[in-house]
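Q: I have a model open and want to learn how to read its features. Where do we begin?

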Amino acid sequence: MDLDLVFLGTSGSVPTARRAPSGLLVRRGGERLLFDCGEGTQRQLLRSTIGLVELPEVFLTHYHADHYLGLPGMMKTFALRGREVPLTIYGPPGLVDLFSALQRIFGKLTYAYDLVELRPGDALERDGYRIGVFRVHHGHSSNGYALVEAPRAGEFNMDAATALGVPIGPLFGALQRGETVTGADGSPVRPEQVLGPPRPGRKIVLTGDTRPARSVVDAASGADVLLHEATFAGEERERAAETGHSTALDAAALAREAGVKMLVLTHLSNRYFGPEIAREARTVFPETFVPRDFDMIDVPFPERGAPRLVKGGALERREEAEPSGHGASRTDPRPDGGGGDPGDPRGGGDTLGAAVRGRAPSGRAR
Ligand SMILES: [Zn+2]
Ligand SMILES: [Zn+2]
């Protein structure tokens, strides 16, 4: 079953010319799960090969504006198109409260929506996987999410089955489903006689915004992909601590400790282009990637290879061919590791930091 991640927004706090605020689409088989919905997420979907599909579920990590502002607009568009498919929105406690305000923006809808508040320790059991909720540290109401697939049946040993007198055909399928069948000589053949040990499923862990946290190491243990925020580089660790965020070095150290296969860094402050964040993290954890918007990560079953970054994988060819476009252009001179946003002002005012310096007493960095 295919499993991939589509990056719709990889910027922290504010959009830049090349990066939208947080949005990640997880596709597993025919399922589509959206995690966070920053401003402009619906347009990012429209620009991608995915299109603005009638997503059935949206998961919010927390209620800073850069993670949900796209939701009322997208919900309104769905209504203007006459959507009837219900929508479920999950988020930490405070979701119902948030929607009492958002409801005034999108008004009357053509479809029903459900609000489900989830707390760390909660889990949604699905067909073949579960979505676990874990604690992160970024204000009082924030969730991390872990998509964990159930173990799969072991590899089928055709030679063993044939030797036990099972004819090639439907009985093979029955054994794979865990049923006992009858061999040619009339004796029973049990699944464990022809199946190898159960094979692990895949595990994707997504932190949303967080300062470095022990709970993330625990949740991410052995994950195929850890998506961690890296708002800052190590030089800004004080600001990261002040604002409840992580540095690239923090995330890399966590990834190493958790023994993940791949670390993916997002939510970059607009002072960074990406490659510098990737370079720094790779000094600690070499398998680090910093995707740009519309990049994808393919996560095959472990026996079929490691997760891999597909640059511009969610863009139409015509977009890739634009001279100033980004993505999988073959002539792209920028260094590997993703990130370069040449249209953005270099160090052009880290508004996240600025907001902290000039904030009202109750202010909080997004
Ligand atoms: Zn944020
Ligand atoms: Zn935040």
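**Reading the fold**

A: Of the 366 residues of the chain, 44% count as buried (20 or more other C-beta atoms within 10 Å of a residue's own, with C-beta atoms placed from the backbone; 12 or fewer is exposed, and in between is partly exposed). This is a predicted model, in which local features need pLDDT of at least 70 and side-chain atom pairs count only at pLDDT 80 or more, while totals for chains, interfaces and linings use all residues. Residues are numbered from 1 along each chain as its sequence is written, and chains are lettered from A and ligands numbered from 1 in the order in which they are written.

Q: How many helices and strands are there in the chain?
A: The chain has 13 helices and 17 strands, taken as DSSP runs numbered from the N terminus (helices are H or I with at least four residues, strands are E with at least two). Among contacts with a separation of 6 or more, 64% join residues 24 or more positions apart; a contact means C-beta atoms, placed from the backbone, within 7 Å.

Q: In what order do the eight strands of the open sheet stand?
A: Two strands pair if DSSP finds at least two bridges between them. Here the order is 6-5-4-3-2-1-16-17, with mixed pairing. Strand 6 (113–117) and strand 17 (308–310) are at the edges with a single partner strand each, so one side of each has no neighbour in the sheet. From one strand to the next, the twist averages 20 degrees. Helix 4 (residues 95–106) packs on this sheet, touching strand 5 (87–91) and strand 6, and its direction makes about 145 degrees with that of strand 6. Angles run from 0 to 180 degrees between N-to-C directions, and axes are lines fitted to C-alpha atoms, for helices over the stretch in contact.

Q: Which strands are joined to strand 1 by bridges?
A: In a regular strand the side chains alternate between the two faces of the sheet. Strand 1 runs antiparallel to strand 2 (residues 23–28), with six bridges, and D4 stands opposite R27. Strand 1 also runs antiparallel to strand 16 (residues 296–298), with three bridges; there V6 faces M296. Six of the seven residues of strand 1 (residues 3–9) are buried, so the strand is largely enclosed by the rest of the structure.

Q: What is the order of the seven strands in the other open sheet?
A: That order is 7-8-9-12-13-14-15, and the pairing is mixed. Its edge strands, strand 7 (123–125) and strand 15 (288–289), each pair on one side only. Strand 12 (residues 203–206) pairs with strand 13 (residues 225–229) in the parallel sense over three bridges, with I204 opposite V225.

Q: At what angle do the axes of helix 10 and helix 11 cross?
A: Two packed helices are described by the angle between their axes and the distance between the axes. For helix 10 (residues 248–258) and helix 11 (residues 275–282), the axes come within 8 Å and cross at roughly 40 degrees. The two helices are therefore oblique to each other (under 35 degrees is roughly parallel, over 145 roughly antiparallel, 65 to 115 roughly perpendicular, and the rest oblique).

Q: What is the phi of S13?
A: Most residues other than glycine have a negative phi. S13 has a positive phi of about 70 degrees; its place is in the loop between strand 1 and strand 2. S13 is buried, with 26 other C-beta atoms within 10 Å.

Conventions. Contact = placed C-beta atoms within 7 Å.
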